[in-house]
Amino acid sequence: MKQVSIKAPGGLDNLVTSDVEDPKAPGAGEITIRIKASSLNFHDYMVAKNEGAAEDGRIPMADGAGTIEALGEGVEEFAEGDSVVSCFFPDWQSGDARPSDFKRTPGDGIDGYARERVTVPASWVTHAPKGWSHEEAATITTAGLTAWRALVVDGGIKAGDTVAVLGTGGVSIYALQLAKAMGATVIATSSSDEKLERVKELGADHVINYRSTPEWGKEMRNLTDGRGVDIVVEVGGPATLPQSITAGRTGAHLALIGVLTGAGGEIPTAHLMSRQQRLQGLIVGSRTHQKDFVRALDVLGVKPVIDSRYALDDLADAFRHQESGKHFGKICVTM
Ligand SMILES: NC(=O)c1ccc[n+]([C@@H]2O[C@H](COP(=O)([O-])OP(=O)(O)OC[C@H]3O[C@@H](n4cnc5c(N)ncnc54)[C@H](OP(=O)(O)O)[C@@H]3O)[C@@H](O)[C@H]2O)c1
C-alpha cells in the first residue's frame, strides 16, 4: 500500500511517498480501514512544515475517513463495509478534557492517516454521517468537531443567537454552516471581498472585510444594534481577540481556537472583565462529542464546503495551496 511520511529534517519538500506492506490483520478490539480521504488543517500544515524538528518517518494527517475492511474479535459497534471517520484524540473517549498536548494525536505524536490502510482500535473512530462521501467525512475530525464544540458543547448556541466567524478557513466555514442550520444570525469576516460574496451564498447575514475595516468589532456591535454578538469563533488569536471582545455582548462566549496571528500578545483584560465575557480555550473534542456531532449532521442537512481535492502523492501541493490562503473551506486528499 501507499503512504506518505515526513523525512527528517521535515518541510514540504520532504514529504515522501512510498510503497509499504499492508498493516497487520486486526487483533481483538481492532479494525482495519481502507482509508479513502483525509483533509488538511492548519495543525497538519504546522507538523508538515516543521523543518528541523520533524520526527523522521512520521505519517502526517489527523483526519482520516474510509471503509472498514476487517474486524477483530469482539468488535460489536461496527460491521465490515461501514464508513468511519477518525478521532483527533483517540484516548479521549468522553468526559472532561484530557491534557492538552498532541502526543497521541494521529499525524503529530503518533502516525496519522496519509496512507491507504490502517489497523487501529475500533474506539479510535466513529461512524461517518449517513450518505456523506469519504472526503466530506474526513473534514469532521478536526475542523468540524472544533466548530461543533465551540458553538454547541461550550457555546450553548440557540436559535436567535448571533455568531461571529472570522476568516474563511475550514473551522470558520463549518461554524458558519452549523450556526445557520441551528437558527443563528451569522456575521462573517474575510480579507477578500470575493470570499465574502461566497459566504453570503452560504447564508452569512452580514459580512465585513477585516482588512478594510480593522475595527470590525465595532462594526459587529453596530450590526447588532449595539448589543454585540453572543458567540465568537475566535480562530485568530492575539491580533483578533481585542476586536472579538469589542464585538461580544455582555456575557458573550468567546471560543478561543486559533493561533493564526501568533501564540501570545496584549489582551484588554479589563474590557473582557467588564463585559463579563467567557473566554474559553478548546482543542477539538472527545469521541463522545464526535458521536453527538455525527448524529446532528444526520439531521441538519449541512455538508462541508470542499475547496479542492488532491491525490495522496500530491500532498505537498495541497499544503502549498493551503499556504497560499486562496482556499475557501476544506482542502481534501483522496487515496
Ligand atoms: N483549537 C482547536 O481545536 C483547533 C482546531 C482546528 C483549527 N485550529 C486553529 O484554528 C485556526 C484556523 O484553522 P483552519 O484549519 O480553519 O485554518 P485554514 O483553513 O488554513 O484557514 C485560514 C484562514 O484564516 C483566515 N485568517 C487568517 N488570518 C486572519 C485574521 N487575522 N483574521 C481573520 N481571519 C484570518 C483566512 O481567511 P480569509 O482568506 O477569508 O481572510 C485564511 O484563509 C488555526 O490557527 C488552527 O491552528 C484550532
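The shell around the ligand holds 11 nonpolar, 15 polar and 1 charged residues, where Ala, Val, Leu, Ile, Met, Phe, Trp, Tyr, Cys and Pro count as nonpolar, Asp, Glu, Lys and Arg as charged, and the others, Gly among them, as polar. The model is predicted: local features need pLDDT of at least 70, side-chain atom pairs count only at pLDDT 80 or more, and totals for chains, interfaces and linings use all residues. Residues are numbered from 1 along each chain as its sequence is written, and side-chain values use heavy atoms, with hydrogens and water left out.

In total, 27 residues surround the ligand, a residue being near if one of its heavy atoms lies within 4 Å. The closest are Thr168, Ser190, Ser191, Tyr210 and Val284. The shell takes at least three residues from each of domain 1 (2-141 + 285-334) and domain 2 (145-281); these bounds come from an automatic or database domain assignment.

A backbone N or O atom of Val284 is 2.7 Å from a ligand oxygen atom. For Val259, the distance from a polar backbone atom to an oxygen atom of the ligand is 2.8 Å, and for Val171 the corresponding distance is 3.0 Å. Taken alone, the ligand exposes 930 Å², of which the protein buries 88% (Shrake-Rupley method, 1.4 Å probe). Two or more shell residues come from each of α3 (140-154) and α4 (170-181); helices (H or I, at least four residues) and strands (E, at least two) are DSSP runs, numbered from the N terminus.

Two backbone features remain. The peptide bond from Ala8 to Pro9 is cis, with omega near 10°, and Pro9 lies in the loop between β1 (2-6) and β2 (15-19). Met61, in the loop between α1 (42-49) and β4 (65-71), has a positive phi near 90° although this residue is not glycine.

Terms used:
A polar contact is a pair of N or O atoms within 3.5 Å; within protein, one must be able to donate a hydrogen and the other to accept it, and residues adjacent in sequence count only if both atoms are side-chain atoms.
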